[in-house]
Amino acid sequence: MAYRVGIDIGGTFTDIALVDAAGTVSIRKVASTPDDYSRGIADGLATLIGELGIAPAEISAIVHATTVATNTILEFKGARTGLVTTRGFRDVLELRRLRIPVLYDLQYDKPPPLVPRQRRLEISERMRPDGTVRVPLDEAEVHNAAQRFRAAGIESVAISYLHAYANPEHEIRTEAILREELGDGVYITRGSEILPEIREYERTSTAVVNAYVGPVIRSYADALAGRLAAIGVTAPIEMMHSGGGIMRLAASVKRAASLVESGPAAGVIACARLVRGEGRGANIISFDMGGTTAKAALIEKGEAARTDEYEVGAGINLSSKLVKGGGYPIKMPFIDVSEIGAGGGSLVALDRQGRVTVGPESAGAMPGPVAYGRGGTRATLTDVFVTLGYINDTTLAGGSIAVDAEGARAALRTQIAEPLGQDLLTTARGVLTLAISTMTRAVKAVSTYRGRDPRDFSLVAFGGNGPVVAADIAAALGIRHIIVPVAAGVFSGSGLLRSDVEQEFVQPLLADTVAISPAMLADLNAELSIRARAALAADAYDAASAEFRYSADLRYFGQAYELNIADRTGEVADLVEGFHTEHERTYGHRSSADPVQLVNLRLTVRVPVASEIVRYAPAPDFERRDRLVAFGATPVMTPVIGREALGLSLRPGPFIIEDYDCTCVIPPNASARLDAAGNIEIEVSQP
Amino acid sequence: MSRVDPITLEVIRNGLASIADEMALIVMRSAYSPVVRDIMDYSTALCDPQGRVIAQGLTLPIQLCSFPRVMRFIEQKFGADLSPGDVLITNDPYSAGGQHLPDIYVIKPIFQGTALAGYAATVAHHTDLGGIVPGSVAIYATEIQQEGLRLPLLKLYAAGEPNATLFELIQSNTRQPVEVLGDLRAQIAACTTAERGLLQLVERYGAAELALYVEALHAHAEQMMRDTIRELPNGVYVGEDYLDGIGEAPEPIRIRATVTVMDDSIDIDFEGTSGQVAASINCPISLPESAAFTAIRCLSRRDIPNCDGYLKPITVRAPEGCLLNPVYPAACGARGVVGYRVFDTIMRALAQVVPERAIAGSEGGPFLMAAGGTYQGRQYVLNEMLVGTWGARADRDGIEAISNPAANLSNQPIEMIEAEMPVEVLRYGFVTDSGGAGRHRGGLAFTREFRFLQPTGFNLRGDRRDHPPYGLEGGGTGGPSAHVHIGADGSEKLLPTMPMRGFAAASGDVFRLVGAGGGGYGDALEREPERVLADVVAEKVSIDGAARDYGVVIGDDLRLDLGATQSLGAARRAGVAR
């Protein structure tokens, strides 16, 4: 029998999901091994297949999501990187876009550039915006640069010349010279290859991030493949990229920056799969809350919303293009995940003015919340959940973790309640309300900020803590319907198994739409198609089964930001009309008389490889006890049941559903039932 | 206030802030002109029914405090004569509290039923509103009538109906009608979004409850500002700084601030400041007020809510007819630089008592370069507003490549400029040795060079050449700015910082703008030689500069000569080798 395996690495746990040909999924959580993640993966997988009696050779695919790229940047552990630029522009990387994400703070410091100034070298060359050469490439200078890089022990080089999106010739030649001079050991990224789009800083930054993480991903890929081979698993390895598709491990090594939101993307894709083809609830907002962050994404008609700009290392990402400058921009397709620093491990504290704050600082996996008894002493959101009775106050994860409820309450009482002069429960309720309001900003960032009314959407809640707060989040935003999927606590891992191969190809155009003939559009799209087929063939994917989706980025002449419009007919006029409509929907007005510019053509290719998930193998059972839960000022005795005890008809709250992998809270203003597939559906009544 | 729950207060504060940020995002993403969409010279705010600011978008500090004054004019002019669907517009400094004509305010009263629930307010720098130069900022204008279209406080929409006459009038008075109308639509869209957001809050909490919390926010902000001021010793502190002055033979223009700290309030009096001038750098009072509030707020080191309450403990006064309170019809198009100098002046006054909270001189505010003409059958305007440097702080270096602390402006992508206009950018980077020396070094100046690809008229407004950014506690001044016109034959000509005329560039001519460097903090001889070496390695300080400015001897092999450094340092301290 053939098995596919999804592996999702988190800060604390590595989730392994294994699906057989019949669609039955088995799940394991094993401790992550941050010193060498591949060790935890290989050990965990070996144990799992040993228990299930599966031979390593029966595994036909490994699909993987990792936080390695993100952590490399957050911890500044990337390669020793050099940058070559057009003469006069080596400081573009450090000049950035000048803006910073805070006001009135004279103690501010900018994030340091990933390539320091002495390793940014300038080369005489110049392209014009139309792609013609104004200054030929000075090859002798490139040779000199290579020598300087060699002397400096450079492991990775980014090449980014002005207007290289219009003509990459100089960059290609530069790469060839550097390759010849520096050998195959040095990792090289070309701006025009990684991002053939206008705007020098964004392209340079993307190339530099890629160069910075590339060698790390390359070693990681080698280690992973080696460890798996050592346990006899030689199946091809695929990686989830931030755009929500999967790609060959070798391809991900070349586009390393695309792995930055690998894990969160997997969860969103799982949500999209969950509702695709269903009329009901096909417009959803995914809500994923783990230990350190809460993440939200918008899914309309079964398709996840995307963005083409992301800043990694910015602390929080509200997918807000306004709060810029705190991190390292990557311009690539991203599932538009809005992430905010509020998770179960978020510290609850009082600031200098005596105001309560929740996060973004986190107790992490170690020392963790006070309740977990691993040495944590500062109150966290998890301790608030325990105090309120939202989560089990004796054990978690089916009895595998003992909960120190008294310690949790004491920490909250002495650190927060007493300084505020409030009683414990009032404080805990208040902190929860504040955390909810913080997390709703993540949801708003993907809905109201984009002109969508959250009340028109269902919420799909998952991750270890998502289902704990989902009903409160929904109530705060006026959302009436929530879905908590089966195995919600390890949903991202199963999302990997439900993902298809997906790649995007871009053709910059920057032309007035009235000047684009039908033949021209058809020709350009045909060229994209040829490029895409060549890429699929190179990765040994089946192009015959691939789905090709054409789209275009349009804007009114003069605007700087485009809207992406699907090309369903191949007619320019339909693209333009689609743009007017989308502009009105997003910004509230249209300007039908204004000229419309077509900036890029895009082709997204999807090769279906996803597994159908039919059922989950049973998880270990454990004992559940009713408990007091403080939904308001007075705690009430609340039934605690297993998911299977919930029927197909609505059961009014309050009650709590405890699963092996997560807890789902149904407050008094909500009721819940199971659907035919075993998902929990929650109806929230509005005050 | 006993009914105010601190957590609900925080929830409401976040709710209001997210509406103001959302407004800012909508403006940026749907605006047409590079000034708004790339440089981000605009601001957004929400006001309560009394017109007091209750939240601001993450935009320009120095623009934000002008809303209160505009709101007072709205109250005076329209009072109860506002209805749902109205949208107000103005840009006028003299009749409506504006700052200069390019800054158009679009403000929408928000009604719940018939009751006024608040205002959505935006202000954006429009790319051109007519007048004698493209971009409408001619430093040599002498009366406001020369600067473009003056819009008194008017209704752009009345009860939802557009004022077609006004739209036509605006359209026919700009060189860039598509951009200006597009940016106005973006402002209106932001107001409409804010309306929806604020009404949701009103529905959730009820108007009375929300009002109670808004009062609490004002009170909270006021309290925090009073706490800040109480930390400053009582006393009278005088700060002075200078603008280089106008024309070929500039006379320095003085800004003088007498800052009186009395318990929990501050009075700032600009008596002693130079008089208004026959050039467009006269600065209507709303900008000095804004700059003064911004400076005090930066010194507070507290996360004060962005609402009106924090303004209460601060009073600002300027004699009528002085540069900071000009009398009609003084021109004011290029007044922005003065606001930044007011910020510097107050910083210098208070650095005498709280140097550990202050910042040495930054680049001095945006350097303006506007060029325009016809390209590919269309009128274009290149509006550059370049910022880039912070001075040093008590515990750390300044920053190169950052917006002035009183602004939060961005830079235009070079590739976008070149794709849309007959201009080529030859260089954008740092200037070695331009950071003021000190125990903590000032940020480096930036330089940007433009080559004109066809004959082009351009005009300028800079500063900080004769009076470069100040150092603090013994730190050196930052490098001076420069405007250099380079002919096709390579000949270089230094242009005035505030020239009283425009210039003509031949095809192939180059204009080089060099910003000012940030001031240093503390004695440069106390800077650790390793940090000087790191700057030399990064080519931010030259080997000569290290010896000259820091007394640190570094060989051509980039090795620190500690022995020579010690003797040079000792000689410097003894005053021998200067």
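## Exercises on a predicted two-chain model

Six bridges join strand S1 (residues 3–9) of chain A to S4(A), and the two run parallel. Strands here are DSSP runs (E, at least two residues) and helices are DSSP runs (H or I, at least four), numbered from the N terminus; two strands pair if DSSP finds at least two bridges between them. The model is predicted, so local features need pLDDT of at least 70 and side-chain atom pairs count only at pLDDT 80 or more, while totals for chains, interfaces and linings use all residues. Residues are numbered from 1 along each chain as its sequence is written, and chains are lettered from A and ligands numbered from 1 in the order in which they are written.

### Exercise 1: strand S4 of chain A

Step 1. Check burial, with a residue buried if 20 or more other C-beta atoms lie within 10 Å of its own, exposed if 12 or fewer, and partly exposed in between; C-beta atoms are placed from the backbone. Five of the seven residues of S4(A) are buried, so the strand is largely enclosed by the rest of the structure.

Step 2. Zoom in on A:Ser60, which lies in S4(A), residues 59–65. A:Ser60 is partly exposed, as 13 other C-beta atoms lie within 10 Å. Leaving aside residues up to four places away in sequence, A:Ser60 touches A:Ala2, A:Tyr3, A:Arg4 and A:Ala235, where contact means C-beta atoms, placed from the backbone, within 7 Å.

### Exercise 2: an open sheet in chain A

Work out the strand order of the four-stranded open sheet in chain A, then place the helices that lie against it.

Step 1. The order is S6-S5-S9-S10, with parallel pairing.

Step 2. Strand S6 (120–123) and strand S10 (187–190) stand at the edges with a single partner strand each, so one side of each is left without a neighbour in the sheet. From one strand to the next, the twist averages 20°; axes are lines fitted to C-alpha atoms, for helices over the stretch in contact, and angles run from 0 to 180 degrees between N-to-C directions.

Step 3. Five bridges join strand S5 (residues 81–86) to strand S9 (residues 156–160) of chain A, and A:Thr85 stands opposite A:Ser160.

Step 4. Helix H5 (residues 169–182) of chain A packs on the sheet and touches S5, S6, S9 and S10 of chain A, its direction making about 175° with that of S10(A). H7(A) lies across S5, S9 and S10 of chain A, at about 160° to S9(A).

### Exercise 3: two helices of chain B

Describe how H7(B) packs on H8(B).

Step 1. The axes of helix H7 (residues 177–205) and helix H8 (residues 207–230) of chain B come within 6 Å and cross at roughly 105°.

Step 2. That makes H7(B) roughly perpendicular to H8(B); angles of 65 to 115 degrees count as roughly perpendicular, under 35 as roughly parallel, over 145 as roughly antiparallel and the rest as oblique.

Step 3. H7(B) contributes B:Leu201, B:Val202 and B:Tyr205, and H8(B) contributes B:Ala207, B:Glu209 and B:Leu210.

Step 4. By class, this contact has five nonpolar, no polar and one charged residues. Ala, Val, Leu, Ile, Met, Phe, Trp, Tyr, Cys and Pro count as nonpolar, Asp, Glu, Lys and Arg as charged, and the others, Gly among them, as polar.

### Exercise 4: a hairpin in chain B

Trace the partners of S17(B).

Step 1. Strand S17 (residues 482–486) pairs with strand S20 (residues 510–514) of chain B in the antiparallel sense over five bridges, with B:Val484 opposite B:Arg512.

Step 2. S17(B) also pairs with strand S18 (residues 492–495) of chain B, antiparallel over four bridges; B:Ile486 has B:Glu492 as its bridge partner.

Step 3. Five residues lie between S17(B) and S18(B) in this hairpin, and B:Gly490 in the turn has a positive phi of about 90°.

### Exercise 5: where the chains meet

Characterise the side of chain A that touches chain B.

Step 1. The contact takes 54 residues from chain A and 63 residues from chain B.

Step 2. Helix H3 (92–95), helix H7 (200–230) and helix H12 (424–446) of chain A each supply at least two residues of that side. The largest share, six residues, comes from H12(A).

Step 3. The chain A side divides into 23 nonpolar, 15 polar and 16 charged residues.

Notes:
Two residues are in contact if their C-beta atoms, placed from the backbone, lie within 7 Å.
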